[in-house]
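Trainee: Please pick one part of this model and walk me through it slowly, side chain by side chain. I'd like the cut-offs spelled out as you go.

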Amino acid sequence: RSAGPALAAARSAGVGVIVKEALANGRLTARGDVPMVADAARSLGVTPDVLALATVLAQPWVDVVLSGAATPEMLDSNLGAAELEVGEEILERLGTLGVDPASYWETRATLPWT
């Protein structure tokens with residue numbers, strides 16, 4: 001289950017939506033372990049972080065996306081997301097990767113900070 005409907009409802013009610021963990025603690029970057037994201041990014045000629053961030057930015061309910069960049073190189077790469085227009089086919093395909101928010105945060109709490 002995705003948090004998208006709840007976030008869309010919040011946005012419709014006038015609440016600003018800030019997305020944290022858009023890169024899933026690095027799992028949606030080149031060092032991550034999500035082959036579908038890596039394959040889709042490769043097909044577009046971008047890195048997984050760019051695609052992941054662009055996918056979040058494409059959501060109409062998003063106001064701010066926090067990338068979590070920790071180095072100038074990461075920030076430089078992440079900024080490419082602002083230029084990438086993600087097509088509906090890829091948005092639909094990647095939409096299948098959604099994880100229940102409670103499950104995500106439960107798992108996230110057990111991960112080391114990187």
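Mentor: Let's start at Trp-105, which is partly exposed, with a relative accessible area of 41%. On that scale, buried means under 20% relative accessible area, exposed means over 50%, and partly exposed is in between (1.4 Å probe, protein chains only). Before going on, keep in mind that this is a predicted model: local features need pLDDT of at least 70 and side-chain atom pairs count only at pLDDT 80 or more, while totals for chains, interfaces and linings use all residues. Residues are numbered from 1 along each chain as its sequence is written, and side-chain values use heavy atoms, with hydrogens and water left out.

Trp-105 has a ring partner. The structure holds 1 aromatic pair, and its members are Tyr-104 and Trp-105, with ring centres 5.1 Å apart and planes at 90°, so the pair is edge-to-face. The rule takes rings of Phe, Tyr and Trp (its six-membered ring) with centres within 6.5 Å; planes under 30 degrees apart are stacked, over 60 edge-to-face, and the rest tilted. Tyr-104 itself counts as buried, because its relative accessible area is 14%.

Now for Arg-108. Its side chain meets that of Glu-21 in a salt bridge, at 3.2 Å from N to O; the term asks for a side-chain nitrogen of Lys or Arg within 4 Å of a carboxyl oxygen of Asp or Glu. This pair ties together distant parts of the chain, 87 residues apart: Arg-108 is in helix H6 (residues 101-108), and Glu-21 is in the loop between strand S1 (18-19) and helix H2 (35-44). Helices (H or I, at least four residues) and strands (E, at least two) are DSSP runs, numbered from the N terminus. Both ends are covered: Arg-108 is buried at 5% relative accessibility, and Glu-21 is buried at 17%.

How many salt bridges does the whole structure have? A search finds 3. Another one joins Arg-11 to Asp-63, with the closest N and O atoms 3.0 Å apart. Here too distant parts of the chain are linked, Arg-11 sitting in helix H1 (residues 4-12) and Asp-63 in the loop between helix H3 (48-57) and S2, 52 residues apart. Arg-11 is partly exposed at 35%, and so is Asp-63 at 36%. Then there's Asp-39 with Arg-42, whose closest N and O atoms are 2.5 Å apart. That pair stays within helix H2, 3 residues apart, or about one turn of the helix. Arg-42 is exposed at 57%, whereas Asp-39 is partly exposed at 42%.

Asn-78 is buried because its relative accessibility is 8%. Its side chain makes a polar contact with the side chain of Ser-67 at 2.9 Å; that means a pair of N or O atoms within 3.5 Å, where within protein one must be able to donate a hydrogen and the other to accept it, and residues adjacent in sequence count only if both atoms are side-chain atoms. Leaving out residues up to four places away in sequence, Asn-78 touches Leu-23, Asp-49, Leu-53, Ser-67 and Ala-69, where contact means heavy atoms within 4.5 Å.
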